Amino acid sequence: MAKADLVDDSMEFMSDPYTDKDILDSFTPVVRDWWFSSFSEFSPPQKFSILNIHSRINTLVSSPTGSGKTLSAFAAILNELVGLSSKDLLEDKIYCVYISPLKALGNDIEKNLNEPLEQIKKLYEERYSRSKEDKLDIRVGVRTGDTKVYEKAKMLKKPPHILITTPESLGIVLTSPKLKEKLSDVQWVIVDEIHSLADSKRGVHLSLSLERLNRITNFCRIGLSATVAPLEEVAKFLVGYEDPKNQKFRPCKIVDVSYIKKLDLKVLSPVNNLITASYKNIYDSMYVLMNDFIQNHKTTLIFTNTRSATERIVHNLKDKFPNNYSKVLDVDEESKDSVISSDSQVSGKWEIGAHHGSLSQQHRLKMENRLKAGELKAIVSSTSLELGIDIGYIDLVLLLGSPKSVARALQRIGRSGHKLHEESVGRIIVLDRDDLVECSVLLKAATEKKIDKIKVSKNVFDVLAQQIFGLAIEDKINVDEVYNTMRKSYCYGSLERKDFDDVIKYLSGEYVSLEERYVYAKIWYDEETREIGKRGKMARVLYMTNIGTIPDETNVKVKLGNNYIGSISEPFLERLKKGDVFVLGGQTYLFKYAQGLTAFVESGFNRTPTVPSWFSEMLPLSFDLAMEIQKFRHFMDEYFIGGAPKKEIIQFINDYLYVDEYGANSIYEYFSEQYNFLEIPHDKKLIIEHYDDGNVKYIIFHALYGRRTNDVLCRALAFILGKLQGKDVELNISDDGFYLRVPSVRNVQISRAMNLLKVEHIDEIMKHALDKTEVLSRRFRHCAARSLMIIRNYKGRSKSVGKQQMSSRLLISSVKKIDNDFIILREARREVLEDLMDIDRAKEIIKDWQSEKIQIKEFHTQIPSPFAFNLISMGYSDIMKMEDKQEFLKRMHSMVLAKISLKEGKK
Amino acid sequence: MEIISGINIIGPSLFFEKEKILVIGDVHIGQENSIHKMGFNIPLNQFKLINEFLENVVEELKPKTIIINGDLKHDFGKITNDEWDKITLFLKNLKKYSKVIIIGGNHDKILEPIIDKLDLQMSSYHKIVLENDFVYITHGDIIPHDLDYVTSNIIIIGHEHPAIKLKDNNRVEIFKSFLKGKYKDKTLIVMPSLNPISEGTDILSQKLLSPFLKEIKNNKTLGYFEAYILDDKNKVYFFGKLKGLGD
């Protein structure tokens, strides 16, 4: 481990830009002419990067949108291709691969590249051409999942010099023998929006594809990133290891010009007092506020945190201001009349619309084009417009509710003021007091550029399995070579040989009997020659049609009669029983029955929900931001304990957080209530609040660490408590804390549970705690799909998840029967604990609890304290199943019997 | 546990105590294979589990007759090699111990070539005359009209794969279940599937398949049906009327 701590000089932050003269000197005359005709100067990232790329130096560029990032990567490459073409030395092969996480982004780049290319060509013909035939012929080609077959065929005959593709399509290209040939001399690979890939399985997949490409040829790696931290991590992810055994990275230069864009940020509350205003009042005022903003700006981009909220906002804006807005209909909606409400005949002056991942690509493209053409007054999006698709001029970004991380806030707000020297204008609208505090601290951190750290996933087995399968399809290959190739990726530098061997065992079907192997094995492995290779004629087709890492999620349609209300997730449906009342889009509905993937409901007027909402798609609060909030709480606590007067505290809030007077006042009141009622929890003080409502006991942990960390802490404690009591424990997790819930009659041994919560046992505890959870079986299904244990496309037939009606629970239990430590099952656990949750942070917290670095205080309350209020009323609920299924049935049985005998008795 | 005088619940099957008749249904041999073809490359061991269950039951109860009440085979369209082998093996095994009667189900459209080879026949129902009762066993995908049906007073069907979701606070679990209630003037018994892969349809919240149950639901009398719930180890629990479980 010591090695990792050594100062590594392979990652170098550049401090001095190259001179304009040096850069221009590297250009061929026609490119120089074109540059002068198009630009007045080099933008900051260009000053650093163009010459690097010219000299084949790996470079990571972090700069804001509108700073000429794309050309900072492409200028040197275009220049070189122009040079070769003019000398007639340009060959029919791929020189540069550009990888974008979004298909739409790829289309943009093609346009943005073809335009300068045309200009250069024209200039060349006017000024430098020696004859009529002497023309520049530089081709740009796009290959994504949408590329037509004939276009692909054309590409084989005449390959593009610059290939624009997605991570998935790159994986396919590497396995196509003919196209792979054209890649044998690739000089540059550009990874755009690399920040959005670095912390995801898509990124892990890409990192291995790059190593597969690296087996064929050495190339210069270029990463383009928005503002993220730490950039060294992203750079390591981009370049990988030269020598993984000695943890030596390939060298990389880092260009950080992310500081140059000016920000104008504010947190706003729709009402003066968030405490006294009613829920309805807050929401009504929010729409009035939004309408004011939209009306006073040219084009407004509104971000929400969930897809369903996106639709709701569009709908309500149109509803509340029918003279102002009409909605751009989805392609699906245009054909179906069931969803169109009667008011759609009234059309408002301006068009608004939604843009999110659940909408068809066709619709999204339509919205993007309307935006670019300036035809939309406002657009509401969840995460889909965060990335750098060109959406034209936006002069205001509104965030509804906390974006949960500084990086995300900057990314979203950065979508406004597209030009480099323009200010980005962002307004965050908060709806409750926790949100107010959170967003105010976030604003401070954003202004001070304290960016939350991303984490690159390591040793991901399902992606590894998919990529090894891909390699085996290319050709027979020695397993040691496979191991060494994969380890060059930053994500696999520490891959244990045993784990690697387990993946090979899985792929070669060693987990089933010899007779069954012909069904389950994907590759053959010859122990004597130590080679692996593909098995079966269908292997290549299977690989190509099932590649990728993005899981299929099924959405269940919710219908009221014939009207479509919205959608819920499949696991949520599984939890619903006839008569359950749940919340969807701000309304309550009563569940009647399900038919396949449609749930039929009736209106649940004024009923209390019986099932807590499912917040699986909700963004988690970043740990770093959580700690910033805790720090603020700590300061506040000290002011209150020190007996500071109100005026002084408000002054402090004002100075510390840059909020307005109303905001400062609300925050003061909130903390003052908590202080007077109980105590203020903070980074050095954990408060455990016992609240008993007569029926159930809540053990509330004021643990503001973000949902990812709290998930581990809460489940580990629930598991221990459940074990101690032999009964199920209900739990509820949010970003600001969590609680365990048991019937009032029971004694709660929370101190004992806390004592048993030891860092050295946490891995084992969590393995058991996850065992029967929905989240594990769902994630297992995803992992099984990535590792091709579940095949979405089989023999040319595509299976939607809906058609694959096979209970995830049954799949996971079948695999457990093979081996409880089956490699893909281990991956599902790793994904849950490390990617979805944050077990490492949880361990640190537990250490601090144990060493009393964090003081723990317990209180009993009659009503929940102010800080506990939001936690009690919302959050993500689950249950720690301690009782086994048999016991559960027995208990239900005796309950029913008691009911029956009671009735009999009455007769 | 006795579901009706003289007829016991044995796991997902029914046993006529005096007559020594075992009734099983909805075995869906080949489903594993068809699931595999749908892209699930995970060994499910279904066939092994079915055989294990039957071997134990046959050993213990020594039935003289085994009635297979429909959907022995899974694939509608064709006979896969896997199905051919497994069904042959399955029936041969049962034939060793007792007489085998096969009632056709909606999945059994092309079962005949296999059973012909084994000298077995398939019919649309089977009747059993008891001391006081006339039992009519049929798969349940259609409501029959023949004379035997009209004169019978107890109907046993499968087809539906009934199951029941039980819920306590946040915890929800689904269990296979037998159902017993009134259909017109007859007593109707609905059997769960013998197949361990099939969890079943939650009778209370999912759309029903069998015309018998659909009609009963339309008449709003489903609530009067009684549930006999099975746990994973095939133990039976009487849960009383469905309407007591709905809320």
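These legends describe close-up views of a predicted two-chain model. In this predicted model, local features need pLDDT of at least 70 and side-chain atom pairs count only at pLDDT 80 or more, while totals for chains, interfaces and linings use all residues. Residues are numbered from 1 along each chain as its sequence is written, and chains are lettered from A and ligands numbered from 1 in the order in which they are written.

**Figure 1. Chain A in outline.** Chain A holds 36 helices and 33 strands. Helices (H or I, at least four residues) and strands (E, at least two) are DSSP runs, numbered from the N terminus. The C-alpha trace spans about 105 × 70 × 60 Å along its principal axes. Its radius of gyration is 29 Å, which agrees with the value near 29 Å for a compact globule of 907 residues. That radius is taken over C-alpha atoms, and the globule rule is 2.2 Å times the number of residues to the power 0.38. Of the 907 residues in chain A, 48% are buried. A residue is buried if 20 or more other C-beta atoms lie within 10 Å of its own, exposed if 12 or fewer, and partly exposed in between, with C-beta atoms placed from the backbone. Among contacts in chain A with a separation of 6 or more, 75% join residues 24 or more positions apart. Two residues are in contact if their C-beta atoms, placed from the backbone, lie within 7 Å.

**Figure 2. Confidence along chain A.** The mean pLDDT of chain A is 87, and 93% of the residues score at least 70. pLDDT is the predictor's confidence in each residue, from 0 to 100. Where pLDDT is low, the predicted coordinates should not be read in detail.

**Figure 3. An open parallel sheet in chain A.** Eight strands line up in the order β1-β10-β2-β7-β6-β3-β5-β4 of chain A, with parallel pairing. Two strands pair if DSSP finds at least two bridges between them. The edges are β1 (11-13) and β4 (140-143) of chain A, each of which pairs on one side only. From one strand to the next, the twist averages 20°. Strands β2 (residues 59-62) and β10 (residues 252-256) of chain A run parallel and are joined by four bridges. S62(A) stands opposite D256(A) in β10(A). Helix α12 (residues 231-239) of chain A lies across β1, β2, β6, β7 (220-225) and β10 of chain A. This helix runs at about 140° to β10(A). Axes are lines fitted to C-alpha atoms, for helices over the stretch in contact, and angles run from 0 to 180 degrees between N-to-C directions.

Figure 4. Strand β17 (residues 424-429) of chain A is mostly covered, with six of its six residues buried. S424(A), G426(A) and I428(A) point one way from β17(A). V425(A), R427(A) and I429(A) point the other way. Strand β11 (residues 263-268) of chain A pairs with β17(A) in the parallel sense over six bridges. Here L263(A) has S424(A) as its bridge partner. Strand β16 (residues 396-400) of chain A also runs parallel to β17(A), joined by four bridges. L399(A) has I428(A) as its bridge partner in β17(A).

**Figure 5. Where chain B touches chain A.** The contact takes 41 residues from chain A and 37 residues from chain B. On the chain B side, the elements giving two or more residues are α1 (31-37), β11 (162-168), β12 (171-183) and β16 (236-241) of chain B. By class, this side has 14 nonpolar, 11 polar and 12 charged residues. Ala, Val, Leu, Ile, Met, Phe, Trp, Tyr, Cys and Pro count as nonpolar, Asp, Glu, Lys and Arg as charged, and the others, Gly among them, as polar.

Figure 6. Chain B comprises six helices and 16 strands. Its radius of gyration is 17 Å, close to the 18 Å from the globule rule for 247 residues, so chain B is as compact as a globular protein of that length. The C-alpha trace of chain B spans about 45 × 45 × 35 Å along its principal axes. F47(B) sits in helix α2 (residues 46-61) of chain B. F47(B) counts as buried because it has 21 C-beta neighbours inside 10 Å. Leaving aside neighbours within four places in sequence, F47(B) is in contact with I29(B), E32(B) and K86(B).
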